[in-house]
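Open the model in your viewer and keep the selection panel at hand.

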Amino acid sequence: MSAMVDVTFTLNGHTTSLAVAVHDSALTTLRDRLDHAGAKLACGEGECGACTIIVDDISVNACLMPAPDLDGRIVRTVEGLWEGDGLSKVQDAFVRHGAVQCGFCTPGMVMQATHLLEQQPEMSDAEVRRGLEGNTCRCTGYSKIVAAVMEVSRDAATKTAEAAE
Amino acid sequence: MALPQFQAAPQFEEYVNATDLSAAVAALADGQGTPVAGGTDLWVQKELPGAVAGDRLVNIKNVPELKGIAAADGRIRIGALVTMTEILGDGRLKDAAPILAIAADRFASVQIRNAATIGGNVANASPAADMMPPLLCADAAVELAREEGGAISTREVTLSEFFTGPGRSVRESNELVAAVIVPIQPGRYAGFCKSGPRPALEIARVSMAITGEAAGGKLTNPRIAFGAVAPTPIRCTQTEALIDGKPLDDELIARALETMDGEISPIADHRASEWYRRHLARTYLEQELRHVRDG
């Protein structure tokens with residue numbers, strides 16, 4: 001039996017405490033212990049990005065994050081993107097562009113896009129594609145996903161331009 | 001509903017969250033500790049035989065002494081916890097050893113670069129580790145820390161003497177990679193080549209880094225290092241000596257390729273055949289030497 005360790009962290013704004021097995025990952029903790037099943041387990045080795053979450057403002061593969069390391073961190077998952085009365089800008093753009101087919105990659109894709117836009121609100125098409133390299137989608141062919149992220153990026157550019165006037 | 005376990009779980013019997021270097025080396029002192037930081041290697045490999053050094057998991061991610069990039073005595077100390085993303089974003093390091101940022105840009109994906117640490121890439125001792133050829137070209141040294149007589153004791157090993165085989169190094173089981181140290185060498189030519197089925201998230205079939213003072217069609221004081229063509233990341237010192245400061249004409253380049261071919265010993269595996277690895281190594285070296293020659 002693996003040792004257990006107590007962790008306390010902030011999950012989508014809520015302080016959360018529980019005991020985790022040392023060998024667990026942040027992903028299995030979120031999914032199986034905390035009913036946050038947005039982040040998906042697909043490859044389990046950091047190749048596909050379906051489990052992408054944002055920890056201390058940095059996107060990571062939750063499947064590779066040791067569960068004990070959750071202690072003290074600020075964790076955001078797709079469940080936390082809901083902004084007051086609706087979807088986040090990224091989620092809304094994904095819906096309107098039809099950037100979703102089977103949906104399995106979508107939460108990870110949305111979280112990685114959110115991270116990229118937080119780091120750099122205005123991006124080129126090539127920068128978006130590079131930034132999403134760690135997220136695999138087997139349905140869409142990526143074009144609609146990139147289009148959705150680019151729309152949010154263009155809105156940011158328009159706002160910057162308006163503010164400058 | 002309980003989901004089936006994705007993989008058989010390893011059994012860590014103890015967990016230490018080290019919050020300073022003393023606590024980290026103390027937790028490793030009996031050789032039964034397995035250090036973890038980003039987890040990008042260990043959490044994939046932990047079920048494999050031999051991947052877990054000891055049954056005490058030692059989280060070093062909260063050790064302040066292992067963080068940050070600092071200049072001292074003409075050298076730059078890169079703390080073991082520095083991530084690939086941090087290497088990419090550090091302007092001083094970009095000047096001092098440009099080869100590191102060039103290679104870090106080809107490292108896995110954003111998510112992995114955000115978590116993977118330079119210390120882990122060294123300590124894991126993979127022959128294919130992306131940052132090793134660049135660090136070999138940057139004349140890097142590894143700072144190892146351990147507990148001795150209740151105090152922290154450190155030693156420095158040059159990276160070219162660090163690796164002893166696939167997954168093996170001179171690091172003792174009670175030692176921690178505390179930092180990677182590179183001399184400040186601005187203005188050197190820096191080239192990095194890597195082969196995989198796609199640009200992102202690839203374990204290299206072959207990777208090569210090359211640095212030196214490039215001028216007048218010559219490369220002076222060169223460094224040529226390869227990943228995934230030998231049991232450890234290697235420098236091709238005979239090839240370096242052959243081309244050092246000499247005009248890179250077609251004949252010298254041909255001799256350099258032959259010399260390099262004798263210095264590497266690639267295996268055949270599911271990623272590439274031996275023939276293909278040799279072909280890639282020759283192609284990369286030829287391309288880079290021609291690039292230096294033609295400016």
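Select helix α2 (residues 89-97) and helix α3 (residues 106-119) of chain A; their axes come within 9 Å and cross at roughly 130 degrees. Axes are lines fitted to C-alpha atoms, for helices over the stretch in contact, with angles from 0 to 180 degrees between N-to-C directions. Helices are DSSP runs (H or I, at least four residues), as are strands (E, at least two), numbered from the N terminus.

This is a predicted model: local features need pLDDT of at least 70, side-chain atom pairs count only at pLDDT 80 or more, and totals for chains, interfaces and linings use all residues. Residues are numbered from 1 along each chain as its sequence is written, while chains are lettered from A and ligands numbered from 1 in the order in which they are written.

Now show side chains. V90(A), Q91(A) and F94(A) in α2(A) meet T106(A), V110(A), A113(A), T114(A) and L117(A) in α3(A); contact means C-beta atoms, placed from the backbone, within 7 Å.

Move to chain B. Which strand order does the open sheet have? The 4 strands run β11-β12-β13-β14 (chain B), with antiparallel pairing. Strands pair if DSSP finds at least two bridges between them. Select β11 (189-195) and β14 (234-235) of chain B: these are the edges, each with a single partner strand, so one side of each lacks a neighbour in the sheet.

Next, pick β13 (residues 218-227) of chain B, joined to β14(B) by 2 bridges. A225(B) stands opposite R235(B) in β14(B).

Finish with helix α11 (residues 274-294) of chain B. Helix α11 packs on the sheet and touches β11, β12 (206-215) and β13 of chain B. The direction of α11 makes about 20 degrees with that of β12(B).

How values were computed: Contact = placed C-beta atoms within 7 Å.
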